[in-house]
Amino acid sequence: MSNNERSLTEEHILEFQDAFHEFDPDRTGHVATKELGNLLRYIGINPTKEELQDLTIQIDPLSSGHLTLPDLLDMMSNIIMERNYDAQIEDAFRCFDKSGQGIIARQELHAIFENMGEKLNEDEIEDLLNEADVDGEGVISYSDFCAIKTSH
């Protein structure tokens, strides 16, 4: 990802640069990948072991054992974009959750899918609803909705 594709504010960049330098006190331009977990926690992100493994593979696919500041900025840009996307999905779900109970009626979600910009045929809509309505109660919970969002 090039610099102009990053979705980071100047404030974010400065924050991540300062954090990077905390783990690169000699200013070599490299931080050991084994320090990635500590670096992320310093920034305020607490990844699970699995997330840390995935991030390490993404940031250091050739297993060089180190990451650079551009690597960190690219990774943080992706993390921020993903968090923003998840928040938008949650906000959209809440708009249709009229009762505020964290559920949407199956029929209502069907209507939403019918009116989406990307047209789905009736079978595709029913497949998504069947996948989301795992207990068959006719309502889709936010967590079930997120599960189908991430599987497609």
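Q: Is Arg27 buried, partly exposed or exposed, and what is its relative accessibility?
A: A residue counts as exposed when its relative accessible area is over 50%. In this predicted model, Arg27 has a relative accessibility of 52% and therefore counts as exposed. Arg27 is placed in the loop between helix 1 and strand 1.

Q: Which phi value does Ser63 have, and where does Ser63 lie?
A: Ser63, a residue other than glycine, has a positive phi near 55°. Its place is the loop between helix 3 (49-59) and strand 2 (66-67). With 62% relative accessibility, Ser63 counts as exposed.

Q: How many helices and strands does the protein chain have, and in what order do the elements run?
A: The protein chain comprises 7 helices and 4 strands. Read from the N terminus, the order of elements is α-β-α-α-β-α-β-α-α-β-α. Of the 152 residues in the chain, 32% are buried.

Q: Which parts of the chain does the pair of Phe23 and Tyr42 tie together?
A: Phe23 belongs to the loop between helix 1 (10-22) and strand 1 (31-32), whereas Tyr42 belongs to helix 2 (residues 36-43); the pair therefore ties together parts that are 19 residues apart in sequence. Phe23 is partly exposed, with a relative accessible area of 23%, and Tyr42 is also partly exposed, at 48%.

Q: Which residues form the patch of negative charge on the surface?
A: The patch gathers Glu114, Glu122, Asp123, Glu124, Asp127 and Glu131. Helix 6 (residues 122-132) contributes the most to this negative patch, with 5 residues. Asp123 is located in helix 6, and this residue is exposed, with a relative accessible area of 59%.

Q: How far apart are Thr9 and Ser77 in sequence and in space?
A: Separation along the chain and separation in space are read as two values. Thr9 and Ser77 are 68 residues apart in sequence, and their C-alpha atoms are 9.5 Å apart in space. Thr9 lies in the segment before helix 1 and counts as partly exposed, at 42% relative accessibility.

Conventions: Residues are numbered from 1 along each chain as its sequence is written. This is a predicted model: local features need pLDDT of at least 70, side-chain atom pairs count only at pLDDT 80 or more; totals for chains, interfaces and linings use all residues. Side-chain values use heavy atoms; hydrogens and water are left out. Helices (H or I, at least four residues) and strands (E, at least two) are DSSP runs, numbered from the N terminus. Buried means under 20% relative accessible area, exposed over 50%, partly exposed in between (1.4 Å probe, protein chains only). Patches are made of residues with over 30% relative accessible area and no salt bridge: like charges are joined within 9 Å, nonpolar side chains (Val, Leu, Ile, Met, Phe, Trp, Tyr) within 5 Å. Accessible areas come from the Shrake-Rupley method with a 1.4 Å probe; for residues, only the protein chains shown count as cover. A salt bridge is a side-chain nitrogen of Lys or Arg within 4 Å of a carboxyl oxygen of Asp or Glu. Lys and Arg count as positive and Asp and Glu as negative; His and the chain ends are not counted. The place of a charge is taken as NZ of Lys, CZ of Arg, CG of Asp or CD of Glu.
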